[in-house]
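Keep the sequence and the model side by side as you read.

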Amino acid sequence: MSTKALASLIAILVVLPAVAIGEVYPKSSRVDSRLRYTSYHPDQVYRLNAAIGRACFIQFAEGEQMEKYYTGDSEAWEVGKHGNLVAIKPKADTPETNLIISTNRERVYVFELALDKRAPMYGIRFSYPNEKRKQAKTKQLKAALAQSIDPNRQGNRNHEYAGSGDTSIQPEEVFDNGSHTFMRFAEGQRFPAIFATGIGGERLINPSVRDNWLILAGVERQWRLRDGEAVLCVRNDARPKRRRDNPGETTHRGIMRAAQ
């Protein structure tokens with residue numbers, strides 16, 4: 001080949017876009033090589049070799065089902081589903097094509113279908129390592145969050161709370177840790193509704209419940225507790241204090257009494 005021809009070939013190769021073909025051949029089972037395993041990736045194409053007269057299944061995650069499928073040659077392949085299984089079977093002698101499956105988990109699977117009578121696949125099972133890692137991380141974060149708001153595990157506690165109102169709905173203890181407020185009520189006591197108070201008025205709070213504790217996200221200047229006609233105001237005195245406290249209030253480690 002002349003230098004000029006070689007240069008022209010190199011120029012053509014540089015101009016043409018690079019095409020990477022990276023089909024995945026699912027790994028064989030140690031028990032029977034006709035059964036295969038592979039992990040799911042949304043950008044991966046999976047090779048599926050079949051044989052005339054033989055069916056093959058594709059198994060997704062528990063609870064995952066095929067919603068729609070598309071194939072380049074619908075006459076050459078028979079496709080059916082049952083639960084998290086999809087069964088396919090070639091019907092033509094030359095059914096080489098592709099298969100795209102969308103599922104109720106918003107996943108898309110892409111397969112390259114071909115015949116291989118010497119080594120047909122009877123089944124492909126998918127695993128989801130990325131999903132397992134996400135689930136493990138979510139579980140870890142939930143455990144850390146649960147521990148972070150465990151009333152019995154709080155080290156930095158502000159008990160400087162005062163209150164006045166109806167003692168029938170008062171908590172036995174109130175403190176905050178800088179990010180959450182904790183209210184402990186007597187055993188068997190009905191929990192009152194909790195409101196944060198501010199310039200815009202009252203705002204109903206949806207607390208977490210742990211045993212006889214109510215755990216409120218946030219630290220407010222004042223909380224208002226309501227149960228029917230009973231009302232109790234709980235003030236955080238660790239915030240900027242007034243010069244003169246209400247003589248009808250107490251700041252004794254979160255225990256409140258009604259104003260006289």
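An open sheet is built from 4 strands in the order 3-9-8-5, and its pairing is mixed. Strands here are DSSP runs of E, at least two residues long, numbered from the N terminus. Two of them pair if DSSP finds at least two bridges between them. Strand 3 (45-50) and strand 5 (66-71) stand at the edges with a single partner strand each, so one side of each has no neighbour in the sheet. On average, neighbouring strands of this sheet are turned by 25° against each other, direction ignored. The axes behind that angle are lines fitted to C-alpha atoms; angles in general run from 0 to 180 degrees between N-to-C directions.

The model is predicted: local features need pLDDT of at least 70, side-chain atom pairs count only at pLDDT 80 or more, and totals for chains, interfaces and linings use all residues. Residues are numbered from 1 along each chain as its sequence is written, and side-chain values use heavy atoms, with hydrogens and water left out.

Now take the pairings. Strands of a sheet pair through backbone hydrogen bonds, either parallel or antiparallel. Strand 3 and strand 9 run parallel and are joined by 6 bridges. Valine 45 has valine 110 in strand 9 as its bridge partner.

Strand 8 (residues 97-103) and strand 9 (residues 108-115) run antiparallel, and 6 bridges join them. Threonine 97 has its bridge partner in strand 9, at leucine 113. Leucine 99 is bridged to phenylalanine 111 in strand 9.

**Two positive phi angles**

Strand 8 and strand 9 form a hairpin, with 4 residues between them. Look into its turn. Which residue there has a positive phi? Glutamate 106 does, at about 60°. Most residues other than glycine have a negative phi. Glutamate 106 is not a glycine, yet its phi is positive. At 78% relative accessibility, glutamate 106 counts as exposed. The term exposed stands for over 50% relative accessible area, buried for under 20%, and partly exposed for values in between (1.4 Å probe, protein chains only).

Aspartate 211 also has a positive phi, of about 55°, although it is not a glycine. Where does aspartate 211 lie? It lies in the loop between strand 16 (208-210) and strand 17 (213-217). Aspartate 211 counts as exposed because its relative accessibility is 70%.
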